[in-house]
Amino acid sequence: MLRIACPYCGTRDHEEFSYFGDATQAYPDLGVENHDAWVSTVYTRPNPRGIHSEFWQHTLGCRRWLVVKRHTVTHDIESVVPAAQRSVA
Amino acid sequence: MNAPHTAQGGKQRIASGGRIDRSKPLTFTLDGSPFQGFAGDTLASTLLAHNVHLVGRSFKYHRPRGILGSGVEEPNALFTLGDGGTREPNIAATTTELEQGLRARTQNAWPSVSLDFMAINSLLSPVFVAGFYYKTFMGPTRKAWMLYEHFIRKAAGLGASVADFDIHRYDYHNDYVDVLVIGSGAAGLAAALQAARAGADVMLVEQDFELGGALLNCPAASAQAQCLAHMLQEIKATGRVRLFTRSSAFGIYDGNTVGVIERSAPGIADPDFGVPRQRMRTVRAKAIVMACGAIERPLVFGGNDKPAVMLSSAVGAYVNRYAVAPGRRALFCVNNDAAYADAMSLAQSGAQVQLVDLRPTTAPALLTAANSVGITVHHGSAITQVSGFQRANTVRIEGFDSNTGRVMGGAAHHEVDLVAMSGGWTPTVHLTSHRNVKPVYRSDIACFVPGAFDRAQFGAGSMVGEQTWDGAIASGWTAGAQAAGVLSLHSSGDAPTLQDGFGMAFVPAGPLRSDQSGGKLFVDFQHDVTVDDVELAHREGYVSVEHLKRYTTLGMGTDQGKTSNLNGMGVMATARGLDVSLAGTTTFRPPYTPAALGALAGRNVRGHFQPERLTAMHDWHLAHGGVKMEAGYWLRTLWYRTHGATLSEAYKAEMEFVREAVGIADTSTLGKIDVQGPDAAEFLDRVYVNGYSKLAIGKARYGFMLREDGIVMDDGTTTRISETQFFMTTTTAQAAKVMSHLEFLLQVVWPELRVTVASVTDQWAAMSIAGPRTREVLQAAFPHLDFADASLPFMGLLDTHGNGPLEGVALRILRLTFSGELAYEIFVPTHHGLAVWEHLMAAGKPWQLRPYGLEALGSLRIEKGHVVGSEMDGRTTLGDMGAGRMASQTKDFWGKALSHSPHLQKPDRPSLVGLEAVDPAQPPSNGSILFFADDAIQGHGRGHVTSTTFSKTVGKAIALGLLQGGTAHVGQEVVAASPATGRQYRLRVVEPCFIDPQGVRYRV
């Protein structure tokens, strides 16, 4: 049972959230000329044994998208920030 | 099994002492025979009080079995309790509190445990070795497995599973605590006391019905008993410790979360009043102390599985805690000092006791103490054989050299009525194993201890290898302080002390085999695994501990190897010539002891298994013959019994009246999202492949949205309500995903856009009215509104209100069609949904308006070639759907870049076609693989069938599918082959629209 400290709602059980994977990538402009950048964003993600920066949405709470830094081996959560504040690669 | 019912509670009952309450006699029945005991007894102690040892038959060989232990480690004494809706198989008699009127039954024996016909398996035992099934049912006899399996299933297993509904209630509870202490033995109580004194809020869980752990098994006048009473008093005085008995910590999970199942005391549970039988507690602790104790190991000698062969500590427990002497002429065989206390307790109750010590000497003080209560001690000796019919009565002792571990011969025989054995103690490391921590071997105590503890988790007592009372208390004290330290709480003060007079000298012991040993030496009692089985596994190459476990089933029973793992691993290590520390260990997983599924389900059973989402017209459908179907959490009406006796009849009838007259369907489950803001139009332009910013107010547009990788995510119709407000619909299945997607785009990708989105799925009821007579019905229902084609054209919106009986009811009426007929979607606020539906039904009577269900709705759209999730299955592109031209060339949208990836643009991708049945006349099964006429029917084929139905209008079975080359193959025959059923269908490829391709019917 992970406990996630939602910046808006406080610490809640992970069951209130939905997991959406890697959050390290920036999203390019939508145009077709950025095809290769989109390939990199969608398909090339780090897969660390260690701290992983990932999206969770508080779907059963405030509906805000968050970025969680979680250790993929111990599941220790280092930080939780609103998604807009994430740092990208 | 018929033992006398005596007022004293059994002829083996000791006249005084024990922790039972002799003022409260209680009786239970076993196989119909009554046995009287007292409050504080278990079923096992009650049976032993009446000199009953034979309680079951073993798993494979159906050998007679007796009570081995006194706690959770019990492998043999498993009963079925209760009847019907309360029946529970495989319950250990050693941990079941005696309760008035409890009905228990022995298992795995027919007609009775004393006369069991299946014991014939014992004669076949040379064949039933490890790997028997695997070796026998191979090759030419493999087909015979299906026949043998029928009989094997009847003979296999211990208890029989239950088919009745469990009538009991189970509850759940969430606990948030500073410190959780698991175990109430000396170490656990010390930890709880120390943590509480430091100021922590402590929860202590104990699986037994009394607190004290092994302290409960010491004589009443002992220092241990006094220490227990003292510590409990001190703990209660802190006012900071919540004590839970009958509460098993069955598993430990991420985030310092522990699963505990709390059982109610006898007589409390009441299914009629909803008083739960068990409560599942999810405990989230800031720090955890594990004081789970240790379990005594059996010794391995011939006949060690016979009834009246017991663990030494169990004998001590029965004497001191339950005032029961399991025998009066006992022989103990031990390899350590601690077991002497058990022998002395039994001797002091009046029994004749001999003790055989594997070691060459005993500490003088201990020897003197033993002799002083009349125990004869034989050194350097071991039991090599126990014999007796259905109960141990003769023991063979031979010389033993503990330096070499070899039996030296020189046999002597003794007559006994009880054998007690102690091979040392195995720490209960299970909870650390749940955290994937491998145990480490300590050669000084010849056992495995936990390798490490997670942060904020600590171990104490015999679980971490402490072998003395004092050591256990001191380690508990330290662990409690460390746990409090996690919360930055500190205490000082000294731990209680408890001196015992004995040391802990000990010598490891492997199988005690002599040249004269015949018969079986058991390692795993519950699964009938012998030393021979382990050595066979080694000979056949199954030497890894993981293979050993699965090949022999060692440790795979309900006891999870509590008395067998280490002995089995020891035999394998010896066979491999390895030190046991290098042989490896298997991983224990939750639950530590069996957990009732009811406790894990809690209240989420039957109708509460998952939420039910009902539309506003739900009851109306049921009252009018609607047959429901689950669509996610929604209950949707699939068909109506008023239209046919079967689904197949009804949907065809419903399709017919929709195409020829008028029908109405409940479409409330579709996702609906309100999109508002100054940038709402711009936002929708980026979300959809087609344009919305130029959509006129009061107009709707059908659109697709893509995933980031260019694959189609969903389709829907979005209507412009005002300059800055749009009303979006999605499919039922994708509503939640689309909502999250929109929120993602607005919060993460384009936070600068001024748009808010709100899910309004539950706020609007929706109904789809369709058919040539629709306009007449609507005009009759809403005479104040104008439904003429010019006033409400195709894809137009009427955003208005009802009048008369529906005065003030908001109505959003969209003219769009899914069925291909003239049709309108009517959205009303949910609380008015039923009223509007009934109003329409009444207004539609002259034109025979009838309701139609999901099956008909789905079939009507197949006739029109409208795609749904079967076509938009997460692998298909816009081009695959035949909708490539919908993608805007002048604006960018989410997914556009990757939709141009080479692999998504390949010309041979399967794309949407229509299919008509040629032969046979039935619809092809959904998912059938498509092949061209001259293809061999093998491999991945050319595509697959996505949706199928029977079309009366077309006059044959039809389908939609995805086919390589798509509509370039119109007119050609293809074959649909179903690998699941082996059937094949000949189909003709046609355009994916079977009715009115020009769209004349819905534009009138």
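B:T730 is buried, because its relative accessible area is 3% (buried means under 20% and exposed over 50%, partly exposed lying in between, with a 1.4 Å probe and protein chains only). Please note that this is a predicted model, in which local features need pLDDT of at least 70 and side-chain atom pairs count only at pLDDT 80 or more, while totals for chains, interfaces and linings use all residues. Residues are numbered from 1 along each chain as its sequence is written, chains are lettered from A and ligands numbered from 1 in the order in which they are written, and side-chain values use heavy atoms, with hydrogens and water left out.

Leaving aside neighbours within four places in sequence, B:T730 is in contact (heavy atoms within 4.5 Å) with B:L670, B:G671, B:I673, B:D714, B:D715, B:A735 and B:V738.

I turn now to the contact between the chains. Chain A contributes 26 residues and chain B 27 residues. Together the two chains bury about 2,300 Å², 60% of it on carbon and sulfur atoms; buried area is the accessible area, with a 1.4 Å probe, that two parts lose on being put together, summed over both. On the chain A side, A:M1, A:L30 and A:W65 lose the most area to chain B, together 28% of what that side buries.

There are 3 salt bridges between chain A and chain B (a side-chain nitrogen of Lys or Arg within 4 Å of a carboxyl oxygen of Asp or Glu). B:E743 forms a salt bridge with A:R63, whose closest N and O atoms are 2.7 Å apart.
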